[in-house]
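Please walk me through this structure, step by step.

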There are 2 protein chains.
Amino acid sequence: MSHTAELIAVGTELLLGNIANTDAQMISQGLSALGINVFYHTVVGDNPDRVRQAVDIARGRADIIITTGGLGPTCDDLTKVALASAFGKELYYDEPSAQRIRDRFAAMERPITENNYQQAMLPQGCTVLDNDWGTAPGVAFESGGVHVIMLPGPPRECEMMFNYRAVPYLKGLSDGVIASRTVKTFGIGESAAEEKLRALMNSLHNPTLAPYAKPSGTELRITAHADTEAEAMALIDPVEAQVKEILGDVVIGVNVESVEEVCLSLLKEQGLTLGAAESCTGGLIAKYMTDLPGSSAVFRGGVVSYTDGVKAGVLGVPQGLLDQYGAVSPQVAEAMARGAKAALGCDIAISSTGIAGPDTDDRGTPVGLVYLGLAYEDKCYVKEFHAGHVARERVRRQSAQTALDLVRRYLTGLLK
Amino acid sequence: MSHTAELIAVGTELLLGNIANTDAQMISQGLSALGINVFYHTVVGDNPDRVRQAVDIARGRADIIITTGGLGPTCDDLTKVALASAFGKELYYDEPSAQRIRDRFAAMERPITENNYQQAMLPQGCTVLDNDWGTAPGVAFESGGVHVIMLPGPPRECEMMFNYRAVPYLKGLSDGVIASRTVKTFGIGESAAEEKLRALMNSLHNPTLAPYAKPSGTELRITAHADTEAEAMALIDPVEAQVKEILGDVVIGVNVESVEEVCLSLLKEQGLTLGAAESCTGGLIAKYMTDLPGSSAVFRGGVVSYTDGVKAGVLGVPQGLLDQYGAVSPQVAEAMARGAKAALGCDIAISSTGIAGPDTDDRGTPVGLVYLGLAYEDKCYVKEFHAGHVARERVRRQSAQTALDLVRRYLTGLLK
């Protein structure tokens with residue numbers, strides 16, 4: 001049986017535009033992977049009557065209602081009270097939930113205020129979704145054929161509660177299991193990937209294959225429905241192999257988040273260290289690497305050489321090269337990478353030099369033209385990259401990620 | 001008369017979670033500044049019946065409906081057709097809009113396909129909102145006391161069309177003008193700011209004063225309603241002065257986006273250059289500065305010294321200091337800042353060294369403890385900063401922004 005879900009986000013801060021409804025995006029992705037349709041998202045403020053109105057509309061057109069927000073003590077647990085009332089459920093005091101709240105405050109060494117216990121008042125007959133990431137427990141119940149799931153609003157808490165509490169509950173609603181696997185790519189757009197995979201996508205029913213555009217690279221999600229996890233995986237395996245075969249070396253991995261994550265794993269495996277010399281990316285390569293916990297084991301550091309003086313002084317780029325070819329040149333990209341490798345004492349060094357825009361340099365170099373260097377052993381590879389005349393932020397992001405993709409290609413033997 | 005708006009976003013990609021509904025956030029902020037209430041956001045897929053259902057619900061509870069998305073040729077101009085039908089309007093072929101579409105394709109040197117002309121079919125009696133940022137024109141009309149505004153979905157196009165087309169139209173709905181000004185702070189939370197300003201906020205009717213939590217620092221928005229822009233500004237001036245008086249030195253500027261933007265202006269005014277030596281912030285300080293166009297005039301560069309070897313080798317931090325006090329110490333923060341000032345040849349250098357987490361170092365330094373240095377002339381100021389045991393990304397962001405706030409404080413004579 002196919003289910004239809006509706007998401008209701010409760011929070012005046014969303015209606016004032018203080019935050020975007022990223023919870024809805026995250027949950028929609030998860031529901032899509034479970035094969036559950038979503039026809040509407042609704043956002044409503046901290047107002048009991050309007051929450052009730054949104055619920056009454058939703059129950060008439062969906063058999064799963066997932067709410068986010070409005071569960072904490074500051075909003076008087078508005079969502080829980082409104083939903084329990086809408087579905088004719090009494091609230092009871094759940095001692096195990098109260099104990100978890102007490103324990104959590106004790107661990108934070110903060111005094112507990114009385115209004116926190118209100119969070120332990122739960123609808124009769126509900127499934128408690130224990131919250132290991134915050135104080136307000138989540139709740140799930142069924143009433144008159146409609147399943148209601150309530151999750152806290154803060155994005156990280158919501159994500160953990162959805163993935164580790166709501167998803168298992170939702171899987172229990174369907175016969176068999178739904179499993180999915182994601183093939184991550186770098187350097188191919190969603191529409192180009194779709195074109196290459198269209199024949200395969202159209203030929204599939206179970207598993208299904210769907211592309212997702214992400215800033216960190218297009219993802220291909222393979223989703224299978226079967227009686228057991230093992231059977232679902234067996235359905236996914238050959239499709240994964242076909243996707244890899246068709247897309248080739250733009251595939252960076254399976255169930256991985258980003259090219260930097262792949263680089264970190266490869267560097268650790270091979271016992272190599274990395275460093276960076278950044279001009280137009282201005283620290284972004286270092287930021288991407290150091291965003292990852294554990295990166296200090298392989299990332300030695302970087303130099304942001306935003307001026308010729310720093311390129312010459314810290315990285316030892318010969319002033320003659322800068323004068324003759326300009327800072328945005330393959331020669332300087334190479335000298336920066338070699339200089340960083342020596343100065344930082346790393347096994348591999350990458351460099352970037354280009355024009356992020358909106359203005360060009362005094363040589364009239366086009367905006368979006370970037371040279372990337374990769375120094376290793378006593379050699380250096382240089383790549384010319386054209387980000388195109390796009391926004392500054394995008395030139396910088398694409399350049400930094402393309403530099404990291406060079407590292408991945410080098411470490412997997414793809415760099416010729 | 002007070003207006004109530006409802007936002008309807010049309011797009012299956014939102015329901016699949018491919019993108020977040022950032023258009024709703026942007027528009028909500030703008031409506032809030034205009035004093036227009038927003039009680040609901042709805043997201044619906046590319047389905048005419050469901051769009052119609054969402055519109056029928058919205059017209060019963062709002063007198064302004066703003067739609068985003070569903071205007072281009074790929075979706076058969078679904079939104080325009082559905083809204084015209086819901087409000088009983090015929091579509092007509094608008095030759096000026098067709099000409100603009102022709103001109104746009106000519107400028108892009110791309111052939112025009114027939115389905116693009118469908119975008120020139122507009123509801124009878126509407127106000128055309130010319131689109132200078134894409135092909136699909138926006139539309140506004142009034143019917144039975146309800147104002148309908150249709151905007152394209154791609155975020156940048158939507159933002160431009162909202163600010164330059166919808167906002168003037170909406171201002172025309174109220175008598176007089178609404179103007180606002182934003183006081184930007186750094187280092188004070190929304191609730192702390194609200195507490196300090198509560199008496200003032202409660203005493204005000206026109207202008208009004210409202211706090212907004214932003215990752216780059218709490219904003220206080222002062223909004224006035226008057227017959228003319230000049231009268232509105234005259235109402236805002238004394239409130240701005242009071243807000244500054246009450247909040248003191250956490251105010252970083254008026255109508256500015258971020259502390260790095262303030263630093264860039266101050267450095268340019270004073271003819272000074274900046275550099276950075278980053279350990280725990282791993283390139284973020286450099287990223288923030290180089291995110292800004294024109295930053296190369298004052299930001300010389302940075303060193304990301306993620307390992308002791310780079311701290312010693314590139315920044316010249318004495319190995320004895322590292323051994324005696326550890327990398328996370330005020331002594332090393334000072335040596336890093338002084339070393340960066342020398343190596344990068346800048347007037348002011350900032351440094352960061354701390355534990356971003358999730359793991360601590362081998363000395364058991366608490367996660368979230370960070371030392372920030374600021375070297376200038378032959379002096380150095382060091383600040384101990386506690387980000388608390390929060391997520392890695394937050395420790396890094398707060399540390400980098402606090403370092404930049406030190407630069408602001410130094411340049412405005414606040415650093416004692």
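How many residues lie between S7(A) and S8(A) in their hairpin? There are 2 residues between these strands, and A:Gly144 in the turn has a positive phi of about 55 degrees. Before going further, note that this is a predicted model, where local features need pLDDT of at least 70, side-chain atom pairs count only at pLDDT 80 or more, and totals for chains, interfaces and linings use all residues. Residues are numbered from 1 along each chain as its sequence is written, while chains are lettered from A and ligands numbered from 1 in the order in which they are written.

Strand S7 of chain A covers residues 138-143 and runs antiparallel to S8(A), with 5 bridges joining them. Strands count as paired if DSSP finds at least two bridges between them. Strands themselves are DSSP runs (E, at least two residues), helices are runs of H or I with at least four, and both are numbered from the N terminus. A:Ala140 has A:Ile149 in S8(A) as its bridge partner. S8(A) also pairs with strand S3 (residues 64-68) of chain A: these two run parallel, again over 5 bridges. Here A:Thr68 stands opposite A:Leu151. S8(A) spans residues 146-151 and is mostly covered, with 5 of its 6 residues buried. A residue is buried if 20 or more other C-beta atoms lie within 10 Å of its own, exposed if 12 or fewer, and partly exposed in between, with C-beta atoms placed from the backbone.

Now step back to the whole of chain A. It has 14 helices and 17 strands. Its C-alpha atoms fill a box of roughly 80 × 55 × 40 Å, taken along the principal axes. Of its 416 residues, 47% are buried. Among contacts with a separation of 6 or more, 64% come from residues 24 or more positions apart. A contact means that the C-beta atoms of two residues, placed from the backbone, lie within 7 Å.

The chain divides into domains. Their bounds come from an automatic or database domain assignment. For chain A it gives domain 1 (4-171), domain 2 (177-254) and domain 3 (259-411). The C-alpha centres of domain 2 and domain 3 of chain A lie 31 Å apart. Their contact takes 6 residues from each of these two domains.

Helix H2 (residues 22-33) of chain A comes next. Its 12 residues should span 16 Å, and its end C-alpha atoms are 17 Å apart, which agrees. The expected span is 1.5 Å times one less than the number of residues. Several H2(A) residues are buried, including A:Ile27 and A:Leu31. After the helix comes A:Gly35, with a positive phi near 75 degrees.

A:Ala335 sits in helix H13 (residues 330-344) of chain A. It counts as buried because it has 26 C-beta neighbours inside 10 Å. Leaving out residues up to four places away in sequence, A:Ala335 touches A:Val317, A:Pro318 and A:Leu321.

Turn to chain B. Helix H4 (residues 78-86) of chain B is mostly covered, as 7 of its 9 residues are buried. B:Leu83 is one of them. B:Gly88 follows H4(B) and has a positive phi, near 65 degrees.

Where do the chains meet? The contact takes 57 residues from chain B and 57 residues from chain A. The chain B side has 28 nonpolar, 22 polar and 7 charged residues. Ala, Val, Leu, Ile, Met, Phe, Trp, Tyr, Cys and Pro count as nonpolar, Asp, Glu, Lys and Arg as charged, and the others, Gly among them, as polar.

S2 (residues 37-44) of chain A and S2 (residues 37-44) of chain B are antiparallel over 5 bridges. A:His41 stands opposite B:Val43. S14 (residues 299-305) of chain A and S14(B) are antiparallel as well, over 5 bridges. A:Gly301 has B:Ser305 as its bridge partner. Within chain B, strand S13 (residues 274-278) pairs with S14(B) in the parallel sense. All 7 of the 7 residues of S14(B) are buried, so this strand is largely enclosed by the rest of the structure.

Finally, compare the copies. A rotation of 179 degrees with 0.7 Å of shift along its axis superposes chain B on chain A, with an RMSD of 0.9 Å. The two copies are thus related as by a two-fold rotation axis. The superposition is by least squares on the C-alpha atoms of residues with pLDDT of at least 70 in both. The same surface serves both copies, as 98% of the contact residues of chain B recur in chain A.
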